[in-house]
Amino acid sequence: MITGIQVKNQVENVLPVKVPLWQRELAGAVRDPLELMRMLGLEGASSTSPFKLLVPHSYLARMKKGDWGDPLLRQVLPLDEELRVVEGFNHDPVGDQHSVVADGVLHKYHGRVLLVTTGACAVHCRYCFRRHFPYSDFNPVKGEWEGALAYIRTNADVREVILSGGDPLTLSDERLAVLFRQLRDIPHVTRVRFHTRLPVVLPSRIDAGFLRVLEQVPQQKVMVIHANHERELGAGDVNAALSALHGAGVTLLNQAVLLRGVNDSVQAQVGLSESLFAQRVLPYYLHVLDRVAGAAHFEVPEAEAVQLMGEIRKRLPGFLVPKLVREVAGEKAKMPVFG
Ligand SMILES: *Cc1c(COP(=O)(O)O)cnc(C)c1O
Ligand code: SF4
């Protein structure tokens with residue numbers, strides 16, 4: 001295990017002290033697979049995948065040393081398997097590029113718009129369906145969110161604004177505050193939702209500054225975090241971040257992806273749900289893998305997924321059973337996956 005003190009030493013001196021800790025930690029995140037290997041006491045992996053390694057030290061510290069099969073490591077380690085061309089796996093599996101209605105705004109589902117706020121993340125998840133997304137083509141962060149806000153203002157049926165990306169919490173507090181100040185004055189927007197992995201992979205992001213920004217949001221606040229394995233939640237700073245969000249009146253939900261070799265067992269799923277609830281988070285969706293090029297080795301066949309859900313249902317109270325869903329291009333909702 002890597003200690004907090006080591007983490008601190010690695011991120012210091014990278015940026016000036018007035019820069020928030022989370023930004024310094026992000027700047028100091030591991031980008032070199034050899035360094036990752038060295039820290040975990042492993043040898044030999046190298047990959048020419050164009051989707052680069054990115055993993056913060058605080059997340060790395062939760063990995064088990066010397067274990068290639070570690071469920072956290074598998075989520076972030078580039079492998080040459082990603083370069084294999086597999087039929088049916090492509091670059092826009094969910095049809096996002098056809099739902100763009102304004103700069104950075106996806107309007108696919110009734111009553112909700114999704115803002116692609118940034119292409120940046122604090123971790124690169126190998127199975128990510130946005131790994132090929134052409135973020136730079138439309139980005140509302142350029143300027144003061146004018147295009148996105150104009151669309152929301154003129155569409156009175158938009159009740160919920162979802163901040164997504166990339167990861168919206170990689171944006172600075174100042175950037176977020178600009179958006180919230182303007183959303184506050186749009187009466188039909190009653191909910192603000194975040195889709196973010198930062199409370200899990202970079203929990204220092206939930207700092208006093210961010211909590212102050214949240215206080216400026218009068219709407220109901222929902223945060224959908226993303227953890228796939230209970231060990232991702234097994235750190236005191238994650239617990240503190242989730243407690244702080246709960247204390248700030250944020251409804252906490254989790255979405256996970258069903259991944260071969262990470263969480264494709266009854267035990268892993270039950271453990272995840274139990275650990276989430278222990279930290280006041282309800283399981284929301286369990287996504288069947290989107291068939292994105294480079295991620296085929298993570299796929300769990302649908303029939304197996306359905307069978308797994310049947311077993312999970314026998315082990316957990318109903319409110320801890322996530323909904324198994326698939327994203328289908330052109331559909332008006334995430335599609336439930338049944339047997
Ligand atoms: C997933 C998604 C949403 C949110 O869907 P919910 O079922 O409300 O969680 C909204 N817009 C887009 C484009 C999405 O992909
Ligand atoms: S944090 Fe989310 S958007 Fe970013 S790489 Fe991981 S799954 Fe994709």
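The space taken by ligand 2 is the largest pocket of this predicted model. A pocket here is an open set of points on a 1 Å grid over the protein atoms alone, with protein on both sides within 12 Å along at least five of seven lines; a molecule sits in a pocket if more than half of its atoms lie within 2 Å of its grid points. The shell around ligand 2 consists of Cys-121, Val-123, Cys-125, Cys-128, Gly-166, Arg-197 and His-226, where a residue is near a molecule if one of its heavy atoms lies within 4 Å of it. By class, this shell holds four nonpolar, two polar and one charged residue (Ala, Val, Leu, Ile, Met, Phe, Trp, Tyr, Cys and Pro count as nonpolar, Asp, Glu, Lys and Arg as charged, and the others, Gly among them, as polar).

Gly-166 lies in the loop between β4 (160-164) and α7 (173-183), helices (H or I, at least four residues) and strands (E, at least two) being DSSP runs numbered from the N terminus. The peptide bond from Gly-165 to Gly-166 is cis, with omega near 15°. In the loop between α11 (266-278) and β8, Arg-280 has a positive phi of about 70° although it is not a glycine. Most residues other than glycine have a negative phi, and most peptide bonds are trans.

The largest pocket is also the space taken by ligand 1. Strands β2 (105-109), β3 (112-116) and β8 (282-287) are the elements that give two or more residues to the shell around ligand 1. Lys-108, Tyr-109, Arg-112, Leu-114, Ile-162, Arg-193, Tyr-284, Tyr-285, Glu-327 and Lys-334 surround this ligand; five are nonpolar, none polar and five charged. Polar side-chain atoms lie 2.5 Å from an oxygen atom of ligand 1 in the case of Arg-112, 2.6 Å in that of Tyr-285 and 2.9 Å in that of Lys-334. Taken alone, ligand 1 exposes 380 Å², of which the protein buries 94% (Shrake-Rupley method, 1.4 Å probe).

The protein chain has 12 helices and 10 strands. Its radius of gyration, taken over C-alpha atoms, is 19 Å, close to the 20 Å that the globule rule gives for 339 residues, so the chain is as compact as a globular protein of that length. The globule rule is 2.2 Å times the number of residues to the power 0.38. Along the principal axes, the C-alpha atoms fill a box of roughly 55 × 55 × 40 Å.

Residues are numbered from 1 along each chain as its sequence is written, and chains are lettered from A and ligands numbered from 1 in the order in which they are written. In this predicted model local features need pLDDT of at least 70, side-chain atom pairs count only at pLDDT 80 or more, and totals for chains, interfaces and linings use all residues, while side-chain values use heavy atoms, with hydrogens and water left out.

Note on methods: A polar contact is a pair of N or O atoms within 3.5 Å; within protein, one must be able to donate a hydrogen and the other to accept it, and residues adjacent in sequence count only if both atoms are side-chain atoms. On a 1 Å grid over the protein atoms alone, a cavity is a set of points where a 1.4 Å probe fits but cannot get out, and a pocket is an open set with protein on both sides within 12 Å along at least five of seven lines; lining residues have an atom within 4 Å of a point.
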